[in-house]
Amino acid sequence: KGLFNKNPKLHQDAKLIESVTKIDSQIYKMASSQTNFYGSGGMLTKVQAAEIAGSYGCNTLIFQGNIDYPLKSLKRNDVGSLFVSSEKKKRE
């Protein structure tokens, strides 16, 4: 469903991180390389991808995608983690 402060499968008190403005060692500590049936690489690779996209000025949204109409669900339920880039969009 997004980036949590700790693994929600192991910790009932895990909290969703709704917005990330800086990807640092603390964010990487929250990311797990554990995978599931629907994805590969775990949250770690998603955070790495968000960091790369952010370096080009692109925001990244990580949320649950294995549901019907995920974008509508995202809008209605206010779920997921938004990684906000501090870079200006680069044009090449």
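Read along the sequence, this chain follows the pattern β-α-α-β-α-β. It holds three helices and three strands; helices are DSSP runs of H or I with at least four residues, strands are runs of E with at least two, and both are numbered from the N terminus. The model is a predicted one, in which local features need pLDDT of at least 70 and side-chain atom pairs count only at pLDDT 80 or more, while totals for chains, interfaces and linings use all residues. Residues are numbered from 1 along each chain as its sequence is written, and side-chain values use heavy atoms, with hydrogens and water left out.

Let me turn to burial. Of the 92 residues in the chain, 26% are buried; buried means under 20% relative accessible area, exposed means over 50%, and partly exposed lies in between, with a 1.4 Å probe and protein chains only. Ala 14, in the segment before β1 (19-20), counts as buried because its relative accessibility is 16%. The C-alpha atoms of Ala 14 and Phe 4 are separated by 6.1 Å, although these residues stand ten apart along the chain.

Which side chains meet in a salt bridge? They are those of Asp 13 and Lys 6, at 3.0 Å from N to O. The rule asks for a side-chain nitrogen of Lys or Arg within 4 Å of a carboxyl oxygen of Asp or Glu, and the count by this rule is one. Asp 13 is partly exposed, at 45% relative accessible area, and Lys 6 is also partly exposed, at 29%.

Next comes the second largest pocket. Its space is about 200 Å³, the volume being that filled by probe spheres set on grid points joined across faces, edges and corners. Of the 14 lining residues, Thr 21, Ile 23, Gly 54, Val 84 and Ser 85 are the closest to the centre. On a 1 Å grid over the protein atoms alone, a pocket is an open set of points where a 1.4 Å probe fits, with protein on both sides within 12 Å along at least five of seven lines, and lining residues have an atom within 4 Å of a point. Helix α2 (residues 42-55) gives the most to this lining, with four residues.

Leu 61 is partly exposed, with a relative accessible area of 37%.
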